[in-house]
Amino acid sequence: MTATTLASPGFRPLAARTGLIGLALVVIAMVALFVGVRYALMLLIGLGFGVALEGFRFGFAGPWRAMILRREPAGILAQLLSIAVVACVAIPMLASHPQELTGAQAPIGFAMIGGAFVFGAAMQVVLGCGSGTLVNAGSGNPVGLLALPFFALGSFAGAYHLIWWTNLGALPILTLRGTPGLMITLVGLALVAAVLLWLGKPGSWRLPRRYVLAALTLAALAIANLVVAGQPWGVVYGLGLWAAKGVTALGADLSGSAFYAAVGSEERLNASVLTDYTSLTNFGMIAGAFGVAAWRSGGLSQPLPSYPARAWIVTIIAGLMLGYSSRLAFGCNVGAFFSGIGTGSLHGWVWFAAAFAGAFLGIRIRAVSGLEARP
């Protein structure tokens, strides 16, 4: 191979892409060698989430916005399809392996409902939920990059106050179990899909091929997440843990928080972040989205938007609200909506209704904040 060939325009992208794949494989191998195979698998699964979400240009906030503004339900229908596939596998597995697997189960309460409403609003402001903010940041989106650290701080603060909020009142954890629970879950998803199709514009029942592929890929990865980690796909806990580790490294004492003083939380704070399953999938999502964006020609060359100052301030506030409210709501679109319903928790359904209602407010806030023209 000549020097001219090595310097040719076609060789440089190939070399960069080969380098990306090689780097990912090296990192995964290092984690397997020094931390453990299970943790390396979680990083690999997270990488898959990031590649799928960015590669198929699929998410949660955008499809909700498309339904509200343009009566286009295809994206939400794909989300429901993915949840249904997960439920068909996860609910029976949880019933047959109760000692090894746990679902995304949480109580329905005042704080949970209010948190979900605020989260639904905030995610429409920055056009990114929990996974969406990670993917947006990984792909170089300036709004996602700014919102992510404040999301983590908000998640930390929400966890710090979580017990106080849940003491305001909550029902016991209600879960749909076994075959009857699976049937109820599938009927519920079908009813929601029917309502969306009824409200959608004519011809909206057709799902783009990439949506179907994204839904099935995410479902497969979510099931793998459950099998390998013993817990469902989540996002928010990992972000709060990063911030908690940061503030304790600066000398903060978290013993005043019932959440962080709990035995499990103390163990997580003292352990390596590479042994936290949620953190590993979050790292993988950021890296996977970065890899896809770098793979695309010009994918990382997004110019800085010419937003007014108030738009950036609103982005910071929305980032904090995303983190704080998602802790009160026991998760974001992934941990509460996707994994909650997919593992039979009734709080996932209530979360969906409250967050979708909040999305209407968030779309209006985004319009007046300077992030886009008023709809």
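Axes here are lines fitted to C-alpha atoms, for helices over the stretch in contact, and angles run from 0 to 180 degrees between N-to-C directions. The model is predicted, so that local features need pLDDT of at least 70 and side-chain atom pairs count only at pLDDT 80 or more, while totals for chains, interfaces and linings use all residues. Residues are numbered from 1 along each chain as its sequence is written, and side-chain values use heavy atoms, with hydrogens and water left out.

**View 1. The crossing of helices α7 and α8.** The axes of α7 (residues 130-138) and α8 (residues 142-166) come within 8 Å and cross at roughly 130°, helices being DSSP runs of H or I with at least four residues, numbered from the N terminus. The two helices are therefore oblique to each other, a class for angles that are not under 35 degrees (roughly parallel), over 145 (roughly antiparallel) or 65 to 115 (roughly perpendicular). Residues of α7 in the contact (heavy atoms within 4.5 Å) include Thr133 and Leu134, and those of α8 include Leu148 and Phe151.

**View 2. Ser339 in helix α16.** Ser339 belongs to helix α16, which spans residues 333-342, and with 3% relative accessibility Ser339 counts as buried (under 20% relative accessible area, with a 1.4 Å probe and protein chains only). A polar atom of the Ser339 side chain lies 2.8 Å from the backbone oxygen of Trp233.

**View 3. Met93 in helix α5.** Met93 is part of helix α5 (residues 74-96), and its contacts, leaving aside neighbours within four places in sequence, are Leu101 and Val227.

Definitions and conventions. Buried < 20%, exposed > 50% of the residue type's maximum accessible area, 1.4 Å probe, protein only. Polar contact = N/O pair within 3.5 Å; in protein donor to acceptor, adjacent residues only side chain to side chain.
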